[in-house]
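I want to go through the chain contact and some helix packing here.

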There are 2 protein chains.
Amino acid sequence: MEFKFHMPTRVYFGRGCIGKNVEELAGLGSKALIVTGGQSAKISGALCDACSALERFNVGYTIFDRVENNPSTDTVKIGAGEAKQAGADFIIGIGGGSPLDAAKAIAVLSANDMEPEQLFTNSFPNKPLPIIAIPTTAGTGSEVTPYSVLTRSDLQTKKSFGNKDTFPVIAFLDPHYTQSQPVNVTINTALDAFSHNMEGYISTRSTPVSDILAAEGIRLFGCCLDSLKIGVFTLEDRENMLYASLLGGMVISQTGTNLIHPTAYNYTYFKDIPHGKANGYLMAEFLRFNYEAAKDKVENILKLTGFESIDAFAEAIAYLTGEAPRIDEAEIAQYVAIAMTQRGIHTNIRPVQSEDLAEFLRKI
Amino acid sequence: MEFKFHMPTRVYFGRGCIGKNVEELAGLGSKALIVTGGQSAKISGALCDACSALERFNVGYTIFDRVENNPSTDTVKIGAGEAKQAGADFIIGIGGGSPLDAAKAIAVLSANDMEPEQLFTNSFPNKPLPIIAIPTTAGTGSEVTPYSVLTRSDLQTKKSFGNKDTFPVIAFLDPHYTQSQPVNVTINTALDAFSHNMEGYISTRSTPVSDILAAEGIRLFGCCLDSLKIGVFTLEDRENMLYASLLGGMVISQTGTNLIHPTAYNYTYFKDIPHGKANGYLMAEFLRFNYEAAKDKVENILKLTGFESIDAFAEAIAYLTGEAPRIDEAEIAQYVAIAMTQRGIHTNIRPVQSEDLAEFLRKI
């Protein structure tokens, strides 16, 4: 038995968790930069709660609300400029994975004179500004990971960075913030969280601790499957999905992602498919590919989610994702070449060759 | 669903984990104070491994090896004096719970001009020195908790302090260090770890995350029961017990202990019974007392440890602990009065009154 565990973020989960733990926002400085996308931070009520909390302690804030889906290195450079200009002492990311990941990049760039491309060296002369993460979707898990995924147009894919200093110091998870998410976003983000738990579970980097967290996250996805199919969610579903997302984040903090994420990034980059849905396309093949090499774990995934076979599992997931866009052999070769350069792909329990991955994509 | 989670310690678990992660010791300063008891740090090889690692980075060190079992406030005051005199930048605790807990107290006192009694206010003007924890027993979990338990002769009991700054920054858990522990210490410390997992599980402060960690820790105690009975341990047993102890520490970091610990402290203070064994005396009554209020959890504990009834559970634990010393009514009144002043006692799922606790002690 040999493993590491590290997840230093202070997590507050539950209705009204910002207001109930408002003193956590004191002592981080006198000025915050709030990083959001265009909408969900406002609609969910999270932005309002965060601003009220800051005002209570006379902490000033500037809002940078220009984070796009799958944020680019250009965007985080602009955000860091705003943080520097505002004299921000800490960064608050509010939203789905994109604003949270952008907040991490901005926290590093605000404290260092470096170009965004240097983020991926994972070596920063100065410590990033403290980061507070407030998710409004139940998928990313970014609130408890050190990772930030940015779109690199130069490499035609998404790429991540992160080290022990880019964990958020505090995460506020209020299930009510996710209630304003539309059904399609709820499904796609639930698939993303499920993917984190599954990928970490079947990873060569899985640990005894990550496995018990992952198993619980997988079970909770199973509990929410019926609601995901009909697109109607109780508050209990919202809680379970946000908790499963938190668990998925804790898992990949230990294991990283595996082959689904780097492969799926292609569908997002080239076909504009939402991230979680793109992960969903690959799930059943992922289980088939790993069946012999990780039989106990694959069978446990089926058991925990209530399926008797991978075929039944495949059908349920396909119902949630819809059909994947057709891709031709040239595209397959391109996707494989890009995916094979990423770290995660080499942590799958069954080693993956380019030809395996091509076959994988042909079957989808 | 409402909970917090915080456990910031970087955990390295496995054979040779100090040597394999030696770079973690660089960057903490140029001088360490190593805090140990008289024996286990040396016999286990842990002290030698830590010193070699420090020497590799030219970090100087002073060894303070005068921590007794159940360390007193006087001892940590002397240790802090040595740390100040040596100009220590960080503290390394090596041993069972006593040296690890003393290391935390010394880390606070070295950075602050305060008397040991002020530790229990949990308010320290300056941050404690960074703490590295290296357990040589599988029981305390102190390597991943903020708590330090010290003997207060003025209060005739043990009392704990700890806040978010007293978590060790790094914990090295090498199961081989526990191999040199004699059978009785192995049994008593295993009971302590089991108690942490059970007490956290049946606590009003239990959380979804602490429950999955506790359930796994409880299951692992069950896996080791046969070995504990015969007093012969494989390396796998040692790994499982150290991992269960780690899980117990992670659990009580979230939940605190419950009624067993504060009640059992009396047996240690007045009758010199080892801490884990004293916890063991109370376990079966703890399950009986909570059966109606937390039926699912009590039944799950029995299932996870392989028992069909609390009576069967009681018999197995009594085999490990031997008989508890007889105490008279005056002693019972004294034990109850002291225990009722401690926080933990009020976190039991079924509320505890003085008379309940007296009845509890009469039955043992």
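Which residue stands opposite B:Phe5 in strand 1 of chain B? I looked it up, and A:Val11 does. Before going on, I note that this is a predicted model, where local features need pLDDT of at least 70, side-chain atom pairs count only at pLDDT 80 or more, and totals for chains, interfaces and linings use all residues. Residues are numbered from 1 along each chain as its sequence is written, while chains are lettered from A and ligands numbered from 1 in the order in which they are written.

**Entry: where the chains meet.** Strand 1 (residues 3-13) of chain A and strand 1 of chain B run antiparallel, joined by seven bridges (strands pair if DSSP finds at least two bridges between them). Strands here are DSSP runs of E, at least two residues, and helices are runs of H or I, at least four, numbered from the N terminus. I then checked the whole contact: 18 residues come from chain B and 19 residues from chain A (contact needs C-beta atoms, placed from the backbone, within 7 Å). On the side of chain B, strand 1 (3-13), helix 7 and helix 8 give two or more residues. Strand 1 of chain B has the largest share, nine residues. By type, I get ten nonpolar, two polar and six charged on that side of chain B (Ala, Val, Leu, Ile, Met, Phe, Trp, Tyr, Cys and Pro are nonpolar, Asp, Glu, Lys and Arg charged, the others, Gly among them, polar).

**Entry: helices 7 and 8 of chain B.** The axes of helix 7 (residues 208-230) and helix 8 (residues 235-255) of chain B come within 8 Å and cross at roughly 150° (axes are lines fitted to C-alpha atoms over the stretch in contact, with angles from 0 to 180 degrees between N-to-C directions). So helix 7 of chain B is roughly antiparallel to helix 8 of chain B (over 145 degrees; under 35 is roughly parallel, 65 to 115 roughly perpendicular, the rest oblique). Among the residues that meet are B:Leu213, B:Gly217 and B:Leu220 in helix 7 and B:Ala244, B:Leu247 and B:Gly248 in helix 8. I find 13 nonpolar, seven polar and two charged residues in this contact.

**Entry: helices 7 and 11 of chain A.** In chain A, the axes of helix 7 (residues 208-230) and helix 11 (residues 295-305) come within 7 Å and cross at roughly 40°. That makes helix 7 of chain A oblique to helix 11 of chain A. A:Ile218 and A:Phe221 of helix 7 and A:Ile301 and A:Leu304 of helix 11 are among the residues making the contact.

Note on methods
Contact = placed C-beta atoms within 7 Å.
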